[in-house]
Amino acid sequence: MNLDEWISIGISNGVVKMPEIEEKTFEEIYRQWFLMKINVIKAQSCDRIEVTYNRYYAGSWFVKQNVSMLDEAAVIRFLTG
């Protein structure tokens, strides 16, 4: 019996509970990260990060993308676009 079979038996018997996947956009994750950084780094660094975000990311299609769906091709398309 392999690992996948053990897990499927555990799920069917209620022993193993699979975590729910949260679908978050890049913008939501960025906001969480930025709020975490506010009290850790200097105020001028926060300002610089915010200016950079607003210049390159804000309003773009990239920030509306689901983070779990972003792949190398999406990042390349954003950077070269």
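The model is predicted, so local features need pLDDT of at least 70 and side-chain atom pairs count only at pLDDT 80 or more, while totals for chains, interfaces and linings use all residues. Residues are numbered from 1 along each chain as its sequence is written, and side-chain values use heavy atoms, with hydrogens and water left out.

**Overall fold**

The chain contains four helices and zero strands, in the order α-α-α-α along the sequence. Because the radius of gyration is 19 Å, well over the 12 Å that the globule rule gives for 81 residues, the chain is more spread out than a compact globule. That radius is taken over C-alpha atoms, and the globule rule is 2.2 Å times the number of residues to the power 0.38. Helices (H or I, at least four residues) and strands (E, at least two) are DSSP runs, numbered from the N terminus. Along the principal axes, the C-alpha atoms fill a box of roughly 55 × 35 × 20 Å.

Of the 81 residues, 14% are buried. Here buried means under 20% relative accessible area, exposed over 50%, and partly exposed in between (1.4 Å probe, protein chains only). A contact means heavy atoms within 4.5 Å. Among contacts between residues at least 6 apart in sequence, 43% join residues at least 24 apart.

**Surface and charge**

The accessible surface comes to about 6,800 Å², and carbon and sulfur atoms account for 58% of that area. Accessible areas come from the Shrake-Rupley method with a 1.4 Å probe; for residues, only the protein chains shown count as cover. The chain carries 9 positive and 11 negative side chains, with the centres of the two sets 12 Å apart. Lys and Arg count as positive and Asp and Glu as negative, while His and the chain ends are not counted. Each charge is placed at NZ of Lys, CZ of Arg, CG of Asp or CD of Glu.

**Aromatic pairs**

The structure holds eleven aromatic pairs. Rings of Phe, Tyr and Trp (its six-membered ring) pair if their centres lie within 6.5 Å; planes under 30 degrees apart count as stacked, over 60 as edge-to-face and the rest as tilted. Two of the pairs are set out below.

| Pair | Centre to centre | Angle between planes | Class |
|---|---|---|---|
| Phe 26 and Tyr 57 | 5.5 Å | 25° | stacked |
| Trp 61 and Phe 78 | 6.3 Å | 75° | edge-to-face |

Phe 26 is partly exposed at 22% relative accessible area, and Tyr 57 is partly exposed at 24%.

Trp 61 lies in the loop between α3 and α4 and Phe 78 in helix α4, so their pair ties together parts that are 17 residues apart in sequence. Trp 61 is partly exposed at 36% relative accessibility, whereas Phe 78 is buried at 15%.

**Two residues in context**

Tyr 30, in helix α2, is buried at 8% relative accessibility. Not counting residues up to four places away in sequence, Tyr 30 touches Ile 49, Glu 50 and Tyr 53. The C-alpha atoms of Tyr 30 and Val 63 are 8.8 Å apart, and the two residues are 33 apart in sequence.

Lys 64 is in the loop between α3 and α4 and is exposed, with a relative accessible area of 54%. Leaving aside neighbours within four places in sequence, Lys 64 is in contact with Thr 25 and Glu 27. Lys 64 and Glu 27 are 37 residues apart along the chain, and their C-alpha atoms are separated by 6.5 Å.
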